[in-house]
Amino acid sequence: MSGPNTSFDPKQVASLDATAVAAAVDSALAGIAAAGDLAALKEARLAHAGDRSPLALANREIGALPPAAKAEAGKRVGEARGRVAAALKERQEALELERDERVLVEESVDVTLPTDRRPLGARHPLTTVMERISDVFVAMGYEIVEGPEVEAEWINFDALNVPPDHPARTMQDTFWVQSNDSGVVLRTHTSPIQLRAMLERDLPIYVAAPGRVFRADDLDATHSPVFHQVEGLAVDRGITMGDLKGTLDHFAEAMFGDGIGTRMRPAYFPFTEPSAEVDLQCFVCRGSSVGDPDRPCRTCGSEGWIEWGGCGMVNPRVLRAAGIDPDEYRGFAFGMGVERTLMFRSGVTDMRDMVEGDARFTLAFGLEA
Ligand code: PHE
C-alpha cells in the first residue's frame, strides 16, 4: 500500500488533541490574566507564546501530519494561538496604561513643597540701567562721580542760579531736612553734582553722575517722591552746543539703538543758558506714526518724539560761582530721568513697580549684569 494515509486522526498526536490545545489556551489565558506587571507579562508571553510554548510546539507537529489532517489541526492551533496573542495584546495595553498612570502619580512633583535652596536674586533694573549709562560715558572718557543725597540748599539751588524767591524752588517741591530754614535739603536734582565737580576737580571736566533725587510728590503711575537722574557735565575750552547735541545723540543711540537721535526744544533752566528740553526720537515707530492715523503709536502718542530730560550750556553765572572764568571755559550739562529711560527701554509702564521692591518685578529682568 502506498499513498497518503488519509485515515490519520490528528487526535492521535497528543499535543494536537483538542483537549490538549484547549488546556494550553486555558493555562495561557490564566497566566496572562495573572501577570501583575509588564515583567510578569513578559514571562507569560515567553511561556505561552514563545518558541518553546506548548502551542508553538503543537504548531510544529502539524508539518508532520498527512495533508488531510493538516487543515483541521492547523485551524485548531491557529485559533488557539490567535486567542493567546489577542489576550497578550490586551493585557499588555492594560498594564502599560496602569504603569503610565502610576508613573504620573509617583513621579509628580509637589511644587508647593518648601525648598531649602536659597533663591537666586536679581539686581534692580534701575541699578543695571544706571550702570549701562555709566559704561556709555566711561567709553567717551567721562568719569563717574557721586554727590550727597542730603545737600546744602546753597548748592542745590543758590549756586545753580536759583535764588530764594525763584519759582524753580517751588516748582521742585523740596523735602527739607529739619525745618525749611535749615539750609539742608534732600537734593531735588543731580545738578548740584555739577557744582561739586567744578569745585573739586581740575579743568577740563567730563563727568557723569547717576543718582537718587527727591521731590515731595505723591506716588502714582508717573510720579515718585524718590527717583533717579543722570547728570552730565563737560567743561572745557571751546565747548559748543554742537558738542552737547553730538553727545546726546550718541547717548541715545547707545541706549536705544542705531539711528535713534535727539532733538532740543527751547526751555528754561536757571543754571543753563541757553536751555533746552531733550526729546528722544520714538524708538518704536521712529516717527512713522506722525500724521498717519491708520498706524498710531502708543509709545509717543504719534508725536514721533518722547521727552527725556533737560540740557543746556552751563550758565556763566554758575561757572563763576565755581570759580571758573567763563571767558576762557565753557560747558554743557544735561540731566535725564533714569526711570523714564528704563520705562522706554523695557516697557515698564507704572512707576510704582520700580519703587515697591517686589522681587517678582526685579526677577523678571533676570540676572542681567
Ligand atoms: N536739573 C534739571 C531738572 O531736574 C535737568 C537739567 C540738568 C537741565 C542739567 C539742564 C541741565 O529738571
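Me: Which residues is Phe251 in contact with, leaving aside its neighbours within four places in sequence?
Reply: In this predicted model, Phe251 is in contact with Ile133, Val136, Phe137, Val230, Trp308, Phe334 and Met336. Contact here means heavy atoms within 4.5 Å.

Me: What makes Phe251 stand out in the largest nonpolar core?
Reply: That core has 43 residues, and Phe251, Trp308 and Phe334 are the ones that touch the most other members. Apart from it there's another core, of 23 residues, with Ile155, Val162, Val235 and Val318 among them.

Me: Why is Thr188 called buried?
Reply: Buried means under 20% relative accessible area. Thr188 has 0% relative accessibility, so it counts as buried. You'll find Thr188 in the loop between strand E3 (184-186) and helix H8 (192-200).

Me: How do you know that the side chain of Thr188 makes a polar contact with the side chain of Asn156?
Reply: The cut-off for the N or O atoms is 3.5 Å, and this pair sits at 2.9 Å, so it's a polar contact.

Me: Which residues is Pro125 in contact with, beyond four places in sequence?
Reply: Leu342, Phe361, Thr362 and Phe365. Pro125 and Thr362 are 237 residues apart in sequence, yet their C-alpha atoms are 6.5 Å apart in space.

Terms used. Residues numbered from 1 in each chain as written. Predicted model: local features only at pLDDT ≥ 70, side-chain atom pairs only at ≥ 80, totals over all residues. Heavy atoms only, no water. Helix = DSSP H or I, 4+ residues; strand = E, 2+ residues; numbered from the N terminus. Buried < 20%, exposed > 50% of the residue type's maximum accessible area, 1.4 Å probe, protein only. Polar contact = N/O pair within 3.5 Å; in protein donor to acceptor, adjacent residues only side chain to side chain. Core = buried A, V, L, I, M, F, W, Y, C linked by side-chain atoms within 4.5 Å.
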